[in-house]
Amino acid sequence: MRVGIATGLVVVGDLLGEGTAREQAVIGETPNLAARLQGLAEPNTVVIADNTRRMLGSLFDYRDLGTLPIAGIDYPVHVWRVLGASLVGSRFEALRVASTPLIGREEEVALLTRRWERAKAGDGSVVLIVGEPGIGKSRIAQTMLEQLGNEPHTRLRFFCSPHHQHSALYPSIAQLEQAAGFRREDTAETRLDKLVTVLALASKELSEAVPLLADLLSIPTGDRYPPLNLTPQKRKEKTLHVQVAQVEGLAARQPLLMLWEDIHWSDPTTLESLDLLIDRAATLRVLMILTFRPEFTPP
Ligand SMILES: Nc1ncnc2c1ncn2[C@@H]1O[C@H](COP(=O)(O)OP(=O)(O)OP(=O)(O)O)[C@@H](O)[C@H]1O
Ligand SMILES: [Mg+2]
């Protein structure tokens, strides 16, 4: 399969053809460009033009294929191959074009800051930010994070995604991959080393954490760790337990700020994990900020 994607205006005209072959006439530069881009794509790749690239921001990684003349289009077109989803988990950041000045929201940001002061003293908090799409939930959280500046703390950010609502613990997997600094070309061995390094920031006792979280991240451990031999239920319980232990370990070292974005898209296992973390948060140096849209009712 080859895919070309173009973004722009199209004119949809009358229905053409008969029976199942009926299709709408789509006129304009965009369908032509899409067809030409498809022609440029190698098998099993996706090719896009510059304007689509701008709309997608850094949601994906791209390879620059240069500026090419395209038949039927009277200007050269900058063309990109899409390599795959990027490790930038934050929709807010990936799509941010330019930062507009913040309007209002002083109270919301001040509330978060007060909760953070208390969290630093060991009185942990969970703050829920709920509202319609685009109302500014992420912007409030972002503003509070920016205001922390160089103050010593650990920051963990988790992003739920509408495309991963059925993959267990997807936000935690993406967070770990990001924190460990995985790269597309890393071997299993390198990934395992990076995972160990990031987990060691929370705890010295990793004999259980590494094999469980390596399994979660689909990293083969070879003969470096004994096989897990656990039932799926037991494996899940232990993985959730190890996650809580990681949070405890991090919060014992430095105040910990956890941002959980868009939990209306979380998978059921992530919700279980959040339950456990929220139970523990009250007595840790932790502030958890959770954002979601009103369609979600927190248990
Ligand atoms: N108070 C504000 N002042 C200036 N710009 C704002 C403000 N609130 C939101 N925006 C801008 O509006 C856009 C949408 O905001 P944001 O992404 O924070 O919404 P959201 O509630 O997180 O939406 P979603 O449910 O889609 O995640 C962003 O570009 C953001 O910078
Ligand atoms: Mg948001």
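**A walk from the ligand to the sheet**

Let's start at ligand 1: 16 residues sit around it, and Ile103, Gly136, Lys137, Ser138 and Arg139 come nearest. Keep in mind as you look that this is a predicted model. Which helix gives the largest share of the shell around ligand 1? That's helix 5 (residues 137–148), with three residues. Sorted by class, the shell has five nonpolar, six polar and five charged residues.

Four strands make up an open sheet, and if you read across it the order is 7-10-9-8, with parallel pairing. Strand 7 (125–130) and strand 8 (154–159) are at the edges with a single partner strand each, so one side of each has no neighbour in the sheet. From one strand to the next, the twist averages 15 degrees.

Next, zoom in on strand 9 (residues 256–261). Five bridges link strand 9 to strand 10 (residues 286–292), and the two run parallel. If you want to spot the pairing, find Leu256, which stands opposite Val286 in strand 10, and then Leu259, which stands opposite Ile289. How does the chain get from strand 9 to strand 10? It crosses through helix 10, and this β-α-β crossover is right-handed. Helix 10 (residues 268–281) lies across strand 7, strand 9 and strand 10, and runs at about 140 degrees to strand 10. Strand 9 also pairs with strand 8, again in the parallel sense, over six bridges. Here you can look for Leu156, whose bridge partner in strand 9 is Met258.

Is strand 9 largely enclosed or left open? Six of its six residues are buried, so strand 9 is largely enclosed by the rest of the structure. In a regular strand, side chains alternate between the two faces of the sheet. You can follow the directions here: Leu256, Met258 and Trp260 point one way from strand 9, while Leu257, Leu259 and Glu261 point the other way, and all are buried.

For our last stop, head to Phe182, in the loop between helix 6 (170–180) and helix 7 (188–200). Why does Phe182 count as partly exposed? Phe182 has 18 other C-beta atoms within 10 Å, and a residue needs 20 or more to be buried but 12 or fewer to be exposed, so a count in between is partly exposed. Leaving out residues up to four places away in sequence, Phe182 touches Glu177, Arg191 and Lys194.

Terms used. Residues numbered from 1 in each chain as written. Chains lettered and ligands numbered in written order. Predicted model: local features only at pLDDT ≥ 70, side-chain atom pairs only at ≥ 80, totals over all residues. Near = placed C-beta within 6 Å. Nonpolar A, V, L, I, M, F, W, Y, C, P; charged D, E, K, R; others polar. Pairing = 2+ DSSP bridges. Axes fitted to C-alpha atoms, helices over the stretch in contact; angles between N-to-C directions. Contact = placed C-beta atoms within 7 Å. Right-handed = clockwise from strand over helix to strand, strands pointing away.
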